[in-house]
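Trainee: Please take me closely through one part of this structure, the packing of its helices, and then relate it to selected sites elsewhere in the chain.

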Amino acid sequence: MAHAEDVEVLHWWTSGGEAAALNVLKDDLAAQGIGWVDMPVAGGGGEAAMTTLRARVTAGDPPTAVQMLGFDIQDWAELGALANLDDVANAEGWDGVVPEALQRFSKYDGHWIAAPVNVHSTNWVWANKKVLDELGIAQPQTWDEFVAAMQKVKDSGKTALAHGGQAWQDATLFDGVVLSVGGVDFYKKALIDLDPEALGSDQMKEVFDRMTVLRGFVDDNFSGRDWNLASAMVINGDAAFQIMGDWAKGEFLKAGDVPDQDFLCFRVPGTAGMVSFNSDQFAMFKVKDPAAQDAQKAMASAIMSPKFQSAFNVVKGSVPARTDVPNDAFDACGKKGMADLAEASANGTLVGSMAHGHANRAAVKNAMYDVITAQFNGEYDSATAVEELVTAVQDAQ
Ligand code: BGC
């Protein structure tokens, strides 16, 4: 039974590493007397959670706080469903410490409507160090070296690339591959500006060709596998690599693994200096009860505290959503993530992740997902996929 001073939190943090991070948040709120009513909806990328959310809102019973990504936040704000957090934001000076790239999603019409808890990024590779050492594989620097390394692993009888065949996971690979083929300019033109020429270009065909190459390094049982089970394959040494957002690091840490010693984290070869980011933010749905509103504000404030941002993100695998949090408590991958983010943000090489709702609204994202997944599963060759992508994106706008 929820009390007014409780927050009911809808989220999709159900893997081992995610649950550990969630507990940091729960404990932090509990210490401030805010009760927690848990509403987990499993499914990476949050599609299932967003379906549940729509049903709850339609039934007139929205949860008080919801984990949300990018354009979904803007969509709910546009419908007038989200509470205004300006009081807390202004009192605490969020404007001065939250990077612009995040504010673009946390604010609507100039008003704060979400509290960003982290910054993740998708163009990462996670590798089992022991497997690489045993096979004499050095950390690949270029795409060709990466392909050669995967071939070596495959020849040894192990799985080269741990992957789960779910649309959002296929799309997560796609984020990194688009950057590796055409860099930030091409990524922006194709996935953010939706320029039909870029979407239909030879470069895009090359992207799909690379997706086919990756598909050749995935094991036979990949269909439908959850992302954290794919991470487990790398952790256990059954597989060498996983291309996945840095939430994967949460799984390695949960298993007691240490960066550089047990596992490696490096950018998708060919994407050094570039970051495709997504930020988990908590949006508060409008509620009438003043005590419930106070609980929402207290939660928003707790999320934004620098101490919490450090404690939470150290466990989650992400980096803080504020620029003034020291990196002392972070491991080597976290420190690299923070430095990469700052560098990409200064150099204009920071782009919103298409796979995780930071490049376009859900309709366009889903249209892209369909084509990417169909091609990954062999339904389209690269040339057909390019044509389908142009049409699907056009129809979805
Ligand atoms: C979220 C992460 C989450 C991942 C897998 C992403 O969309 O941003 O916080 O860990 O999905 O569930």
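Mentor: A crossing is right-handed if the near helix is turned clockwise from the far one by less than a right angle, and left-handed if anticlockwise. The model is predicted, so local features need pLDDT of at least 70 and side-chain atom pairs pLDDT 80 or more, whereas totals for chains, interfaces and linings use all residues. Numbering starts from 1 along each chain as its sequence is written, and side-chain values rest on heavy atoms, without hydrogens or water.

By this convention, helix 1 and helix 15 make a right-handed crossing. Helices are DSSP runs of H or I with at least four residues, strands runs of E with at least two, numbered from the N terminus. On the side of helix 1, the contact (heavy atoms within 4.5 Å) involves Gly17, Glu18, Ala20, Ala21, Leu22, Val24, Leu25 and Asp28. Helix 15 contributes Phe308, Ala311, Phe312, Val315 and Lys316. These residues comprise 9 nonpolar, 1 polar and 3 charged (Ala, Val, Leu, Ile, Met, Phe, Trp, Tyr, Cys and Pro are nonpolar; Asp, Glu, Lys and Arg charged; the others, Gly among them, polar).

Another helix pair is helix 8 (residues 143-155) with helix 11, whose axes come within 11 Å and cross at roughly 20°. These two helices are therefore roughly parallel to each other, and their crossing is left-handed. Trp143, Phe146, Val147 and Met150 of helix 8 meet Arg210, Val213 and Leu214 of helix 11. Here the contact divides into 6 nonpolar residues, no polar ones and 1 charged.

Helix 11 also holds Gln203. At 36% relative accessibility Gln203 is partly exposed (buried is under 20%, exposed over 50%, partly exposed in between, with a 1.4 Å probe and protein chains only). Beyond four places in sequence, Gln203 touches Val181, Gly182 and Phe186. Phe186 is 17 residues away along the chain, yet the C-alpha atoms of Gln203 and Phe186 are separated by 8.4 Å.

The loop between helix 11 (202-215) and helix 12 (227-236) contains Arg225. This residue is buried, with a relative accessible area of 13%. A polar atom of the Arg225 side chain lies 3.4 Å from the backbone oxygen of Asn221. With neighbours within four places in sequence set aside, the contacts of Arg225 are His163, Gly164, Gly165, Gln166, Gln169, Asp219, Ala230 and Met233.

Glu8 provides a site in a strand, namely strand 1 (residues 6-11). Its relative accessible area of 17% makes Glu8 buried. Outside four places in sequence, Glu8 is in contact with Val37, Met39, Arg56, Pro63, Thr64 and Ala65.

Leu194, between helix 9 (167-192) and helix 10 (196-199), has a positive phi near 60° although it is not glycine; Leu194 is buried, at 8% relative accessible area. Asp260, between helix 13 (248-254) and strand 11 (263-267), likewise has a positive phi, near 70°, but is partly exposed at 48% relative accessibility.

Key:
Polar contact = N/O pair within 3.5 Å; in protein donor to acceptor, adjacent residues only side chain to side chain. Axes fitted to C-alpha atoms, helices over the stretch in contact; angles between N-to-C directions. Parallel < 35°, antiparallel > 145°, perpendicular 65-115°, else oblique.
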